[in-house]
Amino acid sequence: MTTQLITGIGELTTHDPDGPTGPGPFALVIDGDRVSWTGLAAHAPACDTSVDVDGRAVLPGWVDSHTHLVFAGDRREEFAQRAAGRPYTAAGIRTTVTATRAASDADLAARLRRHVAEAVGQGTTCLETKTGYGLSVADEARAARIAAEEVEEVTFLGAHLTPADTTADEYLELVCGPMLDAVADDVRWIDVFCEQGAFDADAAARVLAAGDARGLGGRVHGNQLGPGPGVRVAVEAGAASVDHATHLTDADVDALAGSSTVATLLPACDLVTGQPAPPARRLADAGATVALASNANPGSCYTTSMALCVSLAVLRSGLSVDEAVRAATLGGARALRRDDVGHLRVGARADLHVLDAPTVVDLAQRPGVPLTAAVWRTGRRVRP
Ligand code: NIG
């Protein structure tokens, strides 16, 4: 297998407690698709090829554990209305459902590929995406199939909203029965939007139990637009993650801290939709595991920028830069229950993000500035 030496690293973030420290420069060796060595550049072994990153910072690729990228159409009009003062409501999801149902497979796949490429170009090397803009058996199955062809982590979100042409009970039966059957081979996760106006606690628990019976891990959209039972339902069901988690009571924070459910915060979404900044500091201080994700979708948050999420988590939610970077890499991996990504310990998947900066501090200090200099994914240089 070919070995690659990445040398001249100014700051190396591995998330390895025994990883190299002190003044660099550092180096890292990739053997095939894995990290095989990290240390001081002066001690690096000889390799088949070598790249000098000239004092730049290297960190694990972002693990974006929450996106909704199987969609068609756009929500520019809704965005313009919100910019003029109208509040965000989840009703806009229906606009995207109509457009997505009308789109061809080729159009949906091309849009998904374009958005994934956009994310990779900004350092995202592991990405989750969801169904949820189909909301019929055929349309959800199609979305799951298209997602599975492009993305390594796929989530079934049939329980996003109840379509207008059916009752809540009938739709829940469909989601937990024929719709789940139709997507199960293409997805690893099941998700439910547990929020006032979407699915209540009982319905959410039922969706998660139906997924569990089919071997799918659980995820919950909860506490996005106001306080609610989402966190409790997620923790009780042993879900891998509760996402949004913006409006939390002390009991919610304690429940997360005492559980294996990750609090996946979506700070760009909260910014765009006029919600308070997510309570990252409170969660971290309580001992909960925190992840940061983009929530890229056409309505509530149309950005694939994980760097923006890191910046917002520092500037508005009180995390240190190191904590925010950790949440956007290792935290995302934990939210997806993955051990192979989100870090650069020996044996990790060789997913590297090289910054056009000497340290990760620039990610927070320079919001909106594109700082990705190079990206390796599974040992292959994919950018530039
Ligand atoms: O995570 N909360 C529900 N789902 C998406 C909203 C998507 C939309 O508005 O289209 C979210 O924000």
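Predicted model: local features only at pLDDT ≥ 70, side-chain atom pairs only at ≥ 80, totals over all residues.
Visitor: Why are strand S1 and S5 called paired?
Guide: Two strands pair if DSSP finds at least two bridges between them. Four bridges join S1 (residues 3-9) to S5, and the two run parallel, so they count as paired. Strands here are DSSP runs (E, at least two residues), numbered from the N terminus.

Visitor: What makes strand S4 and strand S5 edge strands?
Guide: The open sheet of four strands has the order S4-S3-S1-S5, with mixed pairing. Strand S4 (34-40) and strand S5 (49-52) each pair on one side only.

Visitor: Which domains does the chain have?
Guide: The assignment, which is automatic or from a database, gives domain 1 (3-60 + 343-383) and domain 2 (62-335). Their C-alpha centres lie 30 Å apart.

Visitor: How many residues of each domain take part in the contact?
Guide: Residues are in contact if their C-beta atoms, placed from the backbone, lie within 7 Å. The contact takes 19 residues from domain 1 and 19 residues from domain 2. On the side of domain 1 that touches domain 2, the elements giving two or more residues include strand S6 (57-60) and strand S16 (372-377).

Conventions: Residues numbered from 1 in each chain as written. Contact = placed C-beta atoms within 7 Å.
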